[in-house]
Amino acid sequence: MRSDDFDALFAVASDPLIWEQHPAKDRYQQDVFRAFFDEAMASGGALIATDSRDGQVIGGSRYHGYNAIESEIEIGWTFLARRFWGGRYNGEMKELMLRHAFTFVDRVIFLIGPENYRSQRAVEKIGAVPAGTRIDGYGRERLAFAITGAVFDGTRKETIP
């Protein structure tokens with residue numbers, strides 16, 4: 001993600017329905033999204049997702065909270081334009097991110113709001129399993145889902161030709 005990606009990313013994020021199950025339900029508003037974007041830029045681990053057919057920005061995600069002692073990192077803050085929901089896009093993006101993460105860590109964590117059922121189902125589809133709860137960076141209790149490199153490699157071998 002680069003600073004000049006703001007307009008293209010906000011064009012995706014400005015859809016209120018993307019955020020309806022998210023704790024920051026107002027993230028579709030430009031000033032709220034600007035704060036989210038600036039935080040993502042400062043993290044150094046943010047990326048944009050593009051449609052390989054035309055290069056159009058379709059969403060974003062990021063890494064966070066690298067823990068060398070636990071050999072884990074979090075993947076989160078993922079959102080996609082609604083027309084890309086339910087297809088292969090989220091799975092492909094997470095697969096690429098997981099493949100990269102597992103060159104450095106043994107475990108990846110996803111912190112998800114208890115009412116964000118879409119995201120819970122999405123991470124379960126890629127092999128993540130419930131791993132209790134954790135407090136996120138904003139002090140909120142979140143459901144934790146985890147996947148290890150070994151599980152990911154096994155899942156990948158089954159689903160990727």
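Trainee: Are Phe-33 and Phe-36 buried or exposed?

Mentor: This is a predicted model, in which local features need pLDDT of at least 70, side-chain atom pairs count only at pLDDT 80 or more, and totals for chains, interfaces and linings use all residues. Residues are numbered from 1 along each chain as its sequence is written, and side-chain values use heavy atoms, with hydrogens and water left out. Buried means under 20% relative accessible area, exposed over 50% and partly exposed in between, with a 1.4 Å probe and protein chains only. By that criterion, Phe-33 and Phe-36 are both buried.

Trainee: Which helix holds Phe-33 and Phe-37?

Mentor: Helices are DSSP runs of H or I with at least four residues, numbered from the N terminus. Phe-33 and Phe-37 are four residues apart, about one turn of the helix, and the helix that holds both is H2.

Trainee: How many aromatic pairs are there?

Mentor: Rings of Phe, Tyr and Trp (its six-membered ring) pair if their centres lie within 6.5 Å; planes under 30 degrees apart count as stacked, over 60 as edge-to-face and the rest as tilted. Under this rule the count of aromatic pairs is twelve.

Trainee: What is the centre to centre value for the tilted pair of Phe-33 and Phe-37?

Mentor: Phe-37 is buried, as is Phe-33. The planes of Phe-33 and Phe-37 have 40° between them, and the centre to centre value is 6.4 Å.

Trainee: Which ring lies under the charged end of Arg-62?

Mentor: A charge sits over a ring if NZ of Lys or CZ of Arg is within 6 Å of the ring centre and within 35 degrees of the ring normal. The charged end of Arg-62 is 3.8 Å from the centre of the ring in question, that of Trp-77.

Definitions and conventions
Helix = DSSP H or I, 4+ residues; strand = E, 2+ residues; numbered from the N terminus.
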